[in-house]
Amino acid sequence: MKLVNACGRACPEPVLMTKKALAESPEGISVTVDNVVAAENIARFVKGKGYAVTQREEKDAICLDITW
Amino acid sequence: MTKGLGARKNLVGIGVGVAVGVVALALVALGNPANMGFCIACFLRDIAGAAKLHSAAVVQYVRPEVIGLVLGAFIISLIKKEFKPRGGSSPMLRFVLGMFVMVGALMFLGCPLRMMLRIGGGDLNAVVGLVGFAAGIGAGVVALNRGFSLRRAYTQSALEGALFTIVMAFLLVLWLLVPSLFALSETGPGSMHAAVGISLAAGLIVGILTQRSRLCCAGGVRDALMFRDFHLLYGFLAVIVTVLVGNLILGKFNLGFEGQPVAHNDGLWNFLGMALVGWGSVLLGGCPLRQLILSGEGSSDAGITVMGYMAGAAFCHNFGLASSGAGPTANGMVAVGIGLVVMLVVSVVNKQKEA
């Protein structure tokens, strides 16, 4: 699964990076962010596209597995 | 499930928008200038004046609303475990972009939040400003889609993250203990304000609420354009509708272009001023209100941006760039023009190849 590291990115870059990565790997990706707002924004965006999201808390980071 | 989550977020956004509108109306009723319950640009300009960074005698006051916004965001982010000390994302660029956002805001006479309050008061010049704001956001969206980035921030020390809040709290205490250090307006908008405790409480409440709802005046239009995501826009519209209804009830609604409070009716420069604000705000990742909230949440990048706003405000008044009720100044027009060129250059040059 394609990995995207969006840690430290300001709004709306994490969502934009997710959007671009999904355009390249429509079957699913894994995105790492370091704040709740970015995680919320990505989850809302991909759910709107029909993807499923599994969220894992890691040390200082949140990992979102986005699958079709 | 997904729909339920989205709908709840929308309701939170709308609820907070209504609350911000009500607090803004209350602040005007209790002494703030008309259509200026909140104005992040005006209030930072007033604070810069109070600290004698500029000497425009009519706009000097330590606005407790701003300090309350930062403190409120700081406190709620600590409680919600969302306080994260972070920084290092192009601080110098942020400072300069912040300066020019202020140049645009003081051309128009208001930040995006005051633009909304002005629309709710019937000021049609602010509708022209909104069209410019949306155009500027559109330019920023093009830049983002073409790979613009201020690069990533990194985790910083707790002190770095808390320092902006500490400075704001210190400013409040210093002003209350030794008011003679500061310049305070005796006439003009700077002399019009609600009582200190009320202003501070209003800032705290709105700081807490907008930290939770993530309200961002630039984010609403931006996300609608980029992602067809309208949830921030609902909060934005809720503020306008609330203030509109409130002003109608209070008999303060005054529809038109002429004779609007702390405003001018030069359409072209209202448009261009807010276009500069919109463009800069998208590059910076949020409107002035949102930058204050982020600075309270531990972002020293946002803190630097706010310092840029204040420095910009000081230049605006020292160099005669800021508009007044009489209209824009020639110097201000040149500065807005330079600002738009700066936005273009930064948008084109500051790209980052994806890793």
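## Basis of the model

The model is predicted, and local features need pLDDT of at least 70, side-chain atom pairs count only at pLDDT 80 or more, while totals for chains, interfaces and linings use all residues. Residues are numbered from 1 along each chain as its sequence is written, and chains are lettered from A and ligands numbered from 1 in the order in which they are written.

## Where the chains touch

In chain A, 16 residues are in contact with 22 residues of chain B, contact meaning that C-beta atoms, placed from the backbone, lie within 7 Å. Helix H1 (13-24) and helix H2 (36-48) of chain A each supply at least two residues of this side, helices being DSSP runs of H or I with at least four residues, numbered from the N terminus. The largest share, five residues, comes from H2(A).

## Nonpolar cores

A nonpolar core is a set of buried Ala, Val, Leu, Ile, Met, Phe, Trp, Tyr and Cys residues joined through C-beta atoms within 7 Å, where buried means that 20 or more other C-beta atoms lie within 10 Å of a residue's own. The largest core has 116 residues, and B:Leu44 is among those with the most contacts inside it. A second, separate core of 21 residues includes A:Val15 and A:Phe45.

## An enclosed helix

Helix H9 (residues 217-227) of chain B is largely enclosed by the rest of the structure, because eight of its eleven residues are buried. Among these are B:Arg222 and B:Asp223, and the cover over the buried residues includes helix H5 (112-120) and helix H11 (267-284) of chain B.

Technical notes: Contact = placed C-beta atoms within 7 Å. Buried ≥ 20, exposed ≤ 12 C-beta atoms within 10 Å, placed from the backbone.
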